[in-house]
Amino acid sequence: MLQLMWFRTDLRVTDNSALAAAMQAGPTVAVFLLSPGQWQQHDDAPCKVDFWLRNLVELSRELKRLNVPLLIREADQWSAAPKVIGTLAQELQASAVHVNEEYGVNESRRDEAVSAALDELGVNFHSHLDRLLFKPGSVLTRTGTYFKVYSQFRGVCYQRLHTALPKLVAPPKAQAKLEMAADPIPEQVAGFDTPSQALRDAWPAGEDAARERLQRFADEWIEDYHDNRDFPIRPGTSQLSAYLAAGVLSPRQCLHAALNANGGEFENGNQGAVTWINELIWREFYAHILVGYPHVSMARAFRPETEALPWRNAAKDLQAWQEGRTGIPIIDAAMRQLLETGWMHNRLRMVVAMFLTKNLLIDWREGERFFMRHLIDGDLAANNGGWQWSASTGTDSVPYFRIFNPISQSQRFDPDGRFIRQWLPELASLSDKTIHDPHAGSKGQASLFGGGVDYPKPIVDLRASRQRALDAFKNLPSASEAS
């Protein structure tokens, strides 16, 4: 009986649970839905959509080797998915549709609607665990609830890894050829501009490129990951997040690569490998939060009492932050990195997020939305989790009184100003000391900048704005009062 494999954010052939199950069940045809209207509602970045399209080209080539044709259909909004998938299943006379689970509220509702529509047509809907190491609902507290604290969640994950290490899925063998051709992959989708060639070159598409990047990280950088990951100028991070978000790599592949580099250990051994595995578990934690506490994917704070925070309506400050014109060099350099590359170093994501939500006291949702509109690795769970952590509105979030000083962060993690010079060339001539805070002790720009260089003064006083944030949080109602 013919099987229909519906690809979403799982754009690979290797270690793909749903694809393997479909091909084992019978001759398989694959489909991908273009949903530009839905993507715009989700604030998906043009560079991310372009990354999907480029990976679809590579995926189609890999599927061709397996004699699986990849069809392209359009469902502008996910509300159209039940009809589109149902019609295609009928046309193909498919007995089943296979998917890998996705976890946002809209994704869950979409899949429930598709499953119901297929059921009426007599077509089975099979959903497989693939994007995570552990199925949501399988890692719970002793009282049967979802964890709210990462360290406790990690402890149970460690126990599970000791007893049932997730295995890689065996690659499927090529099936007999079908009398059906694959559809061409569009080079662009309306509403999403094609990014610069430099950005595209920085993120090559396809499983081969992803596996090569993973192997290079495991061979060369993972051992020192714990030391280098906080320094944005060093090649200390894996830069695999875009491939994980699009499903070009699986978390199982990443886990096994780390284990191979660390003699099979995930709690002991090389500290760099252990630290990186813990980052995979953070990714897992935030995805489980989406399922256990679905209000976080509805633009609501995890901690309801923080909805009473007196966020500032400061359009000019927000725009300065978005454009990298805050007058704080490390903030501006990080934002320019995001705008040009579709990616930002993880340490700097925390620094710029805390600056927006604490020093500028601007709603974290503004930052979350802006990031999603520019990140090639934009992922609802990770992005929301990171923003709410920085804003002290989320689960297991940073205490509200711990506010990063961006200048101190800059001095500590970019001590010689190399990262700042890379993204703010107008400051390249400044000394290693001055470059972190060019206007310190100066009432004007002339004494610091010659030749018409224009770099703005800080848009906010760090000390005064820190106190403003502390006062705002201190005056919040308690959690019990908010509920």
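Residues are numbered from 1 along each chain as its sequence is written. In this predicted model, local features need pLDDT of at least 70, side-chain atom pairs count only at pLDDT 80 or more, totals for chains, interfaces and linings use all residues, and side-chain values use heavy atoms, with hydrogens and water left out.

Me: How much space lies in the largest pocket?
Reply: On a 1 Å grid over the protein atoms alone, a pocket is an open set of points where a 1.4 Å probe fits, with protein on both sides within 12 Å along at least five of seven lines. Grid points are joined across faces, edges and corners, and the volume is the space filled by probe spheres set on the points. For the largest pocket this space is about 1,200 Å³.

Me: Which residues lie nearest the centre of the largest pocket?
Reply: Lining residues have an atom within 4 Å of a point. The largest pocket has 37 of them. Those nearest its centre are E279, W282, N346, R349 and A382.

Me: Which residues lie nearest the centre of the second largest pocket?
Reply: The second largest pocket holds about 930 Å³ of space and is lined by 40 residues. Nearest its centre lie H42, D44, E107, M372 and L380.

Me: Why is the pair of W203 and Y243 tilted?
Reply: Rings of Phe, Tyr and Trp (its six-membered ring) pair if their centres lie within 6.5 Å; planes under 30 degrees apart count as stacked, over 60 as edge-to-face and the rest as tilted. The centres of the W203 and Y243 rings are 6.4 Å apart. Their planes stand at 50°, so the pair is tilted.

Me: Are W321 and W387 buried or exposed?
Reply: These residues form an edge-to-face pair, with 6.0 Å from centre to centre and 75° between the planes. Buried means under 20% relative accessible area, exposed over 50%, and partly exposed in between (1.4 Å probe, protein chains only). Both W321 and W387 are buried.

Me: Which residues form one aromatic cluster?
Reply: A search of the whole structure finds 25 aromatic pairs. One aromatic cluster is formed by F147, Y150, F153, W282, F285 and Y286.

Me: Over the ring of which residue does the charged end of R110 sit?
Reply: A charge sits over a ring if NZ of Lys or CZ of Arg is within 6 Å of the ring centre and within 35 degrees of the ring normal. R8 lies over the face of W6, at 4.5 Å from the ring centre. The charged end of R110 is 4.3 Å from the centre of the ring of W78.
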